[in-house]
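Okay, thanks for making time, everyone.

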Amino acid sequence: MHLKKILFLFAFLFSFGLQAQVISPPDWDISLENPNPKAGDEVILIFKAKIPVNWYIYSNDFDPDLGPLLTEIVWEDTTGIRPEGRLQAINPKTKYEEIWEGDVTYFEKEGEFRQTLFIQDENALIKGTLEYQMCSDITNRCINYQEEFSIALGDGAKDAIPSRSGSGDKKESLIAFMVIAFLAGLAALLTPCVFPMIPMTVTFFTGRANSRVQGLRNAFIYGFSIIAIYTIAGTLVAAVQGPEFANWLSTHWAPNIFFFAVFIFFAFAFLGMFEITLPSGLVNKMDAKADKGGMGGIFFMAFTLVLVSFSCTGPIVGSLLISSAGGELLKPIAGMFAFSLAFALPFTLFAVFPEWLKSLPKSGGWLNSVKVVLGFLELAFAFKFLSMADQVYHWGLLDREIYLAIWIVIFALLGLYLLGKLRLAQDSPMEYLGVPRLMLAIATFVFVLYLIPGMWGAPLKALSGYLPPMSSHDFDLVKISRENGGGSQESLGEIPKYADFLHFPHGIQGYFDYEQALAAAKRQDKPLFIDFTGHGCVNCREMEARVWSDPRVLSRLKEDFVMVALYIDERYTLPESEWYTSEYDDKEKRTIGKQNADFQITRFENNAQPYYVILDHEEEPLVEPMAYETDILKFVEFLDAAKAEFARRQ
């Protein structure tokens with residue numbers, strides 16, 4: 001498959017998983033206080049709701065003209081009953097809402113309504129819809145819901161439609177969510193954190209099994225270990241730490257430097273510098289509690305895979321953490337299980353694969369050549385982790401041209417190795433050059449030639465998500481664009497905050513602080529375009545290179561909107577006077593990134609990047625926000641629709 005198609009498939013599935021953020025309605029339990037009434041009886045129809053955390057539903061015992069939607073019953077096809085009085089709210093809370101200039105009643109966490117009914121016929125049918133409104137002060141968002149219910153009495157009870165408590169929709173939502181998580185797990189295999197782990201799996205399992213049965217057993221233990229570790233660890237993180245931990249693991253310098261060192265270590269091993277062996281003491285301790293197959297070592301290998309891969313899969317896991325923070329527990333568990341199941345399947349097959357390798361006819365040192373090739377790939381991918389830490393902390397170690405120079409040298413050496421011009425210590429003499437190896441060498445040198453123009457500022461769109469941003473390029477051609485991209489006092493009328501270390505691509509001039517950008521949008525009478533982005537966001541870089549660079553998009557971004565880029569992984573610590581404690585997770589937000597991430601989650605209930613929101617001057621969305629979308633025409637339509645709606649509201 002062509003490289004761009006592979007990247008597109010990965011990005012589509014990846015972003016699709018990230019957008020799987022569903023706000024669940026309350027879980028309703030609708031029942032009769034007396035399930036077997038007779039004609040002439042009065043019964044109580046009880047509605048009990050379990051309400052998601054940080055949300056509430058309005059009651060019905062306040063002024064209906066005030067504004068909010070009152071909870072009420074709409075009777076439909078009801079026979080044999082007569083409602084007595086109105087729907088009664090049981091012990092709701094009361095508060096004054098400034099926006100409505102009046103007192104309202106509401107329920108948080110749990111709510112209960114009761115309706116008295118007079119039974120006229122013992123075979124009555126109680127059927128209707130409960131209409132209500134659920135809101136959140138944190139997100140400034142309200143959603144109208146309708147909950148259908150149907151209860152048949154007497155002889156009709158056996159044919160009754162079960163009363164609805166929302167469980168049907170929840171099951172459908174859960175299944176859909178698991179399917180998305182499964183696809184995201186498959187897509188995660190294409191990330192630079194995960195794909196290079198495949199040779200580690202092959203190397204680890206080669207020669208460990210003495211029989212086919214033992215090899216299969218080891219493979220399945222490996223797969224089950226991956227699923228168990230990912231599901232348990234991810235669920236614990238969801239319950240304890242929330243989405244910030246995933247962001248920390250994927251962007252903090254400590255885990256990224258650790259992963260960089262791990263990849264360098266394995267690269268040197270594959271290149272033949274030494275053999276990979278676990279410390280004998282550690283192996284003995286693990287194997288002492290296992291059988292002769294060494295299940296402790298297999299579990300350790302599975303744990304290593306999960307730990308390293310989490311750097312790239314963190315953003316996917318982050319969407320699951322948002323669900324758990326909303327009061328759900330089953331959904332993140334099911335999502336993590338589906339994700340890890342897809343993730344573990346290929347590695348389980350590769351764990352079986354060494355048995356097949358051993359059964360093949362001997363062909364000299366071809367297997368060592370495979371390891372060496374994979375060693376070069378490990379070496380190249382290692383710098384992705386170092387680059388991520390470098391971007392987040394602004395160390396200036398791996399600017400774009402330095403990163404490209406390293407890759408050019410690595411892949412040029414790989415090409416020479418494939419041609420037989422470079423020979424390492426454990427290689428067997430190569431008598432002739434086979435056609436498959438020649439084709440790989442040609443492909444490698446084509447890739448090298450593709451990289452070279454990037455040294456002079458070529459965007460290299462097919463690799464944009466895996467390279468440092470264009471703003472880190474120091475060559476003069478790009479430096480001009482970089483300086484313009486940061487925004488200047490002459491063009492914007494003021495110096496944007498943090499423009500000395502944050503930048504826009506393609507000469508776009510904009511802001512990096514929401515309040516400053518909103519004031520500028522009002523001053524310039526333009527819509528506000530919010531770009532939720534991150535230094536370590538692969539899809540963000542690809543959107544900038546493939547979509548924003550298009551003249552049709554770029555001209556609109558520069559001319560029709562005030563731009564603000566909100567980096568969710570920027571670790572710049574703000575002055576203490578700007579710190580605050582979030583109402584969402586009750587944690588203190590001290591850095592630019594934490595405040596931006598908190599703003600995105602609480603205001604828009606999303607933690608995926610890229611995420612594009614266009615607001616009017618009242619801070620209301622002009623159109624539905626957009627995430628990763630490489631279709632240029634759709635992105636243009638998104639921009640034009642927002643501009644037209646802004647003009648209509650003026």
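Let's start with Tyr498, which counts as buried because its relative accessibility is 14%; buried here means under 20% relative accessible area, exposed means over 50%, and partly exposed is in between, using a 1.4 Å probe and protein chains only. Its phi is near 65 degrees, so we have a positive value in a residue other than glycine. Tyr498 sits in the loop between helix H14 (489-492) and strand S11 (510-511). Helices are DSSP runs of H or I with at least four residues, strands are runs of E with at least two, and both are numbered from the N terminus.

Before I go on, the ground rules: this is a predicted model, local features need pLDDT of at least 70, side-chain atom pairs count only at pLDDT 80 or more, and totals for chains, interfaces and linings use all residues. Residues are numbered from 1 along each chain as its sequence is written, and side-chain values use heavy atoms, with hydrogens and water left out.

Now Lys109, another non-glycine with a positive phi, about 65 degrees. Lys109 is in the loop between strand S7 (102-108) and strand S8 (110-119). Buried or exposed? Lys109 counts as exposed, because its relative accessibility is 65%.

Zooming out, the protein has 19 helices and 16 strands. Of its 650 residues, 52% are buried. And if you take contacts (heavy atoms within 4.5 Å) with a separation of 6 or more, 71% of them are between residues 24 or more positions apart.

Next, the cores. A nonpolar core is a set of buried Ala, Val, Leu, Ile, Met, Phe, Trp, Tyr and Cys residues joined through side-chain atoms within 4.5 Å. The largest one has 33 residues, and the members touching the most others are Phe529, Trp548, Val553, Phe635, Phe638 and Leu639. Which elements give two or more residues to it? They are helix H16 (538-548), helix H17 (551-560), strand S13 (562-567), strand S16 (611-615) and helix H19 (632-649). H19 gives the most, seven residues. There's another core lying apart from that one, with 32 residues, including Val372 and Met455.

If you click on Phe529 and skip its neighbours within four places in sequence, its contacts include Trp548, Leu557, Tyr612 and Phe638.

Two of those helices, H17 and H19, pack together. Their axes come within 10 Å and cross at roughly 25 degrees; axes are lines fitted to C-alpha atoms, for helices over the stretch in contact, with angles from 0 to 180 degrees between N-to-C directions. So H17 and H19 are roughly parallel, since under 35 degrees counts as roughly parallel, over 145 as roughly antiparallel, 65 to 115 as roughly perpendicular and the rest as oblique. On the H17 side, Val553 and Leu557 are among the residues that meet H19. The residues of that contact split into seven nonpolar, no polar and five charged. Nonpolar is Ala, Val, Leu, Ile, Met, Phe, Trp, Tyr, Cys and Pro, charged is Asp, Glu, Lys and Arg, and the others, Gly among them, are polar.

Last pair: helix H11 (residues 400-418) and helix H12 (residues 435-451), with axes that come within 9 Å and cross at roughly 160 degrees. H11 and H12 are therefore roughly antiparallel. Trp407 and Phe411 are among the H11 residues in that contact, with Phe445 and Val448 among those from H12. The residues there divide into 15 nonpolar, two polar and one charged.
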